[in-house]
Amino acid sequence: MKLAYWMYAGPAHLGTLRVASSLKNVHAIMHAPLGDDYFNVMRSMLERERDFTPVTASIVDRHVLARGSQEKVVENISRKDKEEKPDLIVVTPTCTSSILQEDLQNFVNRALTFKDSQADVLLADVNHYRVNEFQAADRTFEQIVRFYIEKAKKENFVFEKTEKISANILGIFTLGFHNTHDCRELKRLLTDLGIEIHEILPEGGNVANFKNLPKAHFNIVPYREIGLMTANYLKNEFQMPYVSIPPMGILNTAQFIKEIEFLLKSEVFKENCGESAKKQIESILSKNFQNYIDEQTRFVSQAAWFSRSIDCQNLTGKRAVVFGDATHAACITKILACEMGIQVVCSGTYCKHDADWFIEQVTGFCDEILITEDHTQVGDMISRLEPAAIFGTQMERHVGKRLDIPCGVISAPVHIQNFPLGYRPFLGYEGTNQIADLIYNSFTLGMEDHLLEIFNGHDTKEIKKPQNLLDSSNSWSKDALEELSRIPGFVRGKVKRNVEKFARQQKKTNINLDVMFAAKEAVNA
Amino acid sequence: MTNFLKEKEKLTFECETGNYHTFCPISCVSWLYQKIEDSFFLVIGTKTCGYFLQNALGVMIFAEPRYAMAELEESDISAKLNDYKELKRLCFQIKEDRNPSVIVWIGTCTTEILKMDLEGMAPQLEKEIGIPIVVARANGLDYAFTQGEDTVLAAMAQRCPTGISETSIETSIETESNSECFSTFPKSSTKIFSKSSSNSVLESFSENKTLNFPPEEFNSSNVPNLVLFGSIPNTVATQFKMELNKQGIEISGWLPSTRYSDLPVLNKNTFVCAVNPFLSRTATTLMRRRQCKFISAPFPIGPDGTKAWIEKICSVYGKKPVGLEERETKIWESLEESIQLIRGKSVFFMGDNLLEISLARFLIRCGMIVYEIGIPYMDRRFQAAEIALLEKTCLDMNVPFPRIVEKPDNYYQISRIRELQPDLVITGMAHANPLEARNITTKWSVEFTFSQIHGFTNARDILDLVTRPLRRNKNINLLSEFHESKNTSFVKK
């Protein structure tokens, strides 16, 4: 047992549900007790989703505890099959139901034997006590891809490469941090390079298209957390190469593009291509990639110029702390250190399972590395190091509030404000602009605060302070004052004025609880 | 009208599949730790529970809440670790860090499945640690959302002092000493039924009759205490105190109290009355285990409910209500402006927090038409007075009886909503945005749980919540006109 107040990564089934509900016409059935379907709330709230989240629970209650699920899961599967007519139903256990050790695979098999069953049915293969949300998402995604490719193989489907050079983008999915914006930016980048986008998965993907995945020439995995397993599977199975450098920040984006160039140049890659694709490679390569990078870096992205500007000079040597998921924390660390000259005093991630990669990425770019899932350790580290700014998750934002240090949010877990309506990618060249803004704004605000403190504020005029609670013509009784103090600070003044106005109208000088509540009843004070 | 709205002779109850969305009952820690200021809530469960609380509690989580997860790991599940030792370690840590007056263990689905003997371990650990440990099994296997509070209060009722005084208490109660009653099971409670006449009250509850006290005359020394149960904000508690004082009735205590050390005295000489419709377990415990006399009344939600509630308490104390009619009329008058917005409009409760019957009753009185009342669980004995008032309200207002659906099925409900096209759907957050996108106005039901909705004074707040989406619609009418299309739905077909 461990005492926990906060967790960075959610439980495993959440990852499965995120993948399943990203796909089109896929329904997930959770084997779970009542109340475990809060994933629907998260998706509907955070993503402001217009459609019903395609997740239902096959409720585990006392009866299930006593007698087992028996027909219940099977019935729920066939019911959803009839109601929603999905292409695929993903059955997933939860932490709780996995202890029941019911043979869910058996239920799935039985559901499949129904003659009228239209959907494919899969049991998510994740251990709820060993993997977290990200690992489970990665695993589930691979499982679904594998399932449909195996199926296509059995049907003797021909995996031909597309005529033009094309790539799949793997790992864009629901509730991902700025994922949809990143996806748009990636599409633009690849189009600029003359590479076609074949499939984007899992977000908005259709299971019928899964078998087309090998038709693309290579895969792009923008985030470490999800997609790598799938990319590896496709590499082993179809010798599809993949690029897994996250194109975040100027340097990383350049490296990402160079990696693609390198790929296109390699002989092995060419062998797999058709004639027209070979010609196309020549034409793509004839465009100088280096020129493209230069132009984008200097004119599309403002970030490189920003690094040279006087603004950024002021940031030199400022101390920052970075914490988040592996991809974002590593990339932001490099951006701060290499692109802006900021001293990263500590960089950390909660992705324990990917610690090796993370350490390799940030070594040399920061003074300390912290790998932990415990938010108190992160909080302690921040208060010990006293950085000028923090780049972290919502938790770090609140640590920052407590310690009066500004914070930019760079990674999940996030609140609704991190699902902005406007275009805010973190990847690609537009992403570099967004990140530069985020970083700069965090720091200036911090400096402004500091200056205000030194010079005791800009204003020479005294700000009119709201009247003291006790200072007024009316006399408040003791319990009425106590009641007033229970009202949240930001409306207290207004309530007080309204009550006093009401009391004057009623010609009452003494304000007691009666008057107070009467005021609320009469004028909603 | 559609076949869903057949005129019925009387209220009917249906039961569906129970495939509905609601909060897990462990969410009760969020309001209970704030209400009971010296408490600490330890939820013994998995990552799933923790993640739920983290997301459901929103910003509260960052304010150093007095709650924590005891997160079970694989070694706990496989019994490699000793539960008792693990809990002891954590509880000592909590004592060290926070030093609360009580630690409440919230048992979850996982502890149920593992058959972790929390009730057995608590008294032992309590002795070692020197802090009372209350065990509540607020799990999703058995309960929904607000019922979590019910399980906590039922457990806490066992910890209330008996306050054995010189005259009124008989020996039968003395066997119910504090720590003892905690670990025993309800079946042993049969022994505490004594044969005194007032105990017929207890039986009357179990025999599904509404409780009616003969208006007795109490002499001043022998006035039974009144204890109200249900967690409500302190402000609302003060308002109730004043309302009842006007009738010459003193509230002698609250379950829960603001501090654990102030738990009210409960014994045979105590009248108890509920303020919330989801407290049936607590009511049963108070009657059976603490021999309190239960006052079955409608719940003080809305001016009509509040009046009926006060009247019932008055009748039990043999008092004639003073100025209650005028008070109710005045409140209704002050609400008229809001009521105009909803009069004649229809509403559909999908059901998730057990406040539905009382809210529906109030809204019908406001002139709304209720199509369906979904409700997770319906205790018809505990809610008897409320149901009777609902029935009466329907007849008074001359509207058809709503369909009451226990353990609803959200999928079927949504198809009914599609057909009925109600003016307002009161629902959970999982369905709110998708319904709005389909041009169906919604109100998030959880807000009713977290807002002040009790008593005369707060009736306006209920209406503010109910009318807000309608007022919003009015304000953004321009936007709809801008579309100038018949179909203002925001979902592509």
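Me: Leaving aside neighbours within four places in sequence, which residues is A:Arg18 in contact with?
Reply: This is a predicted model. A:Arg18 sits in helix 1 (residues 12–22) of chain A. Leaving aside neighbours within four places in sequence, its contacts are A:Phe39, A:Glu133, A:Phe134, A:Phe173, A:Thr174, A:Leu175 and A:Gly176.

Me: Does A:Arg18 count as buried or exposed?
Reply: Buried means under 20% relative accessible area. The relative accessibility of A:Arg18 is 5%, so A:Arg18 counts as buried.

Me: Which residues make the contact between helix 8 and helix 13 of chain A?
Reply: Helix 8 of chain A passes helix 13 of chain A in a right-handed crossing. On the side of helix 8 of chain A the contact is made by A:Arg188, A:Leu189, A:Asp192 and A:Leu193, and on that of helix 13 of chain A by A:Phe289, A:Tyr292, A:Gln296 and A:Val300.

Me: What do the buried residues of helix 9 of chain A pack against?
Reply: Helix 9 (residues 228–238) of chain A has A:Leu228, A:Thr230, A:Ala231, A:Tyr233, A:Leu234 and A:Phe238 buried. After the helix comes A:Gln239, with a positive phi near 55°. The buried residues of helix 9 pack against helix 7 (133–154), strand 6 (166–172), strand 8 (218–220) and strand 9 (242–243) of chain A.

Me: Which residues does B:Ile106 touch, not counting those up to four places away in sequence?
Reply: B:Ile106 belongs to strand 4 (residues 102–107) of chain B. With a relative accessible area of 0%, B:Ile106 is buried. Not counting residues up to four places away in sequence, B:Ile106 touches B:Ile26, B:Val29, B:Phe41, B:Leu42, B:Val43, B:Ile44, B:Ala136, B:Ala138 and B:Val152.

Me: How far apart are the end C-alpha atoms of helix 20 of chain B?
Reply: Helix 20 (residues 459–475) of chain B has 17 residues and, at 1.5 Å a residue, should span 24 Å. The distance between its end C-alpha atoms agrees with this, at 23 Å.

Me: Where does helix 20 of chain B bend?
Reply: The bend is about 45°, and a proline, B:Pro469, follows within four residues of the bend. Among the buried residues of helix 20 of chain B are B:Val466, B:Thr467 and B:Pro469. The bend is at B:Thr467.

Definitions and conventions
Residues are numbered from 1 along each chain as its sequence is written. Chains are lettered from A and ligands numbered from 1 in the order in which they are written. This is a predicted model: local features need pLDDT of at least 70, side-chain atom pairs count only at pLDDT 80 or more; totals for chains, interfaces and linings use all residues. Side-chain values use heavy atoms; hydrogens and water are left out. Helices (H or I, at least four residues) and strands (E, at least two) are DSSP runs, numbered from the N terminus. The expected span of a helix is 1.5 Å times one less than its number of residues. The bend at a residue is the angle between axes fitted to the seven residues ending there and the seven starting there. Buried means under 20% relative accessible area, exposed over 50%, partly exposed in between (1.4 Å probe, protein chains only). A crossing is left-handed if the near helix is turned anticlockwise from the far one by less than a right angle, and right-handed if clockwise. Contact means heavy atoms within 4.5 Å.
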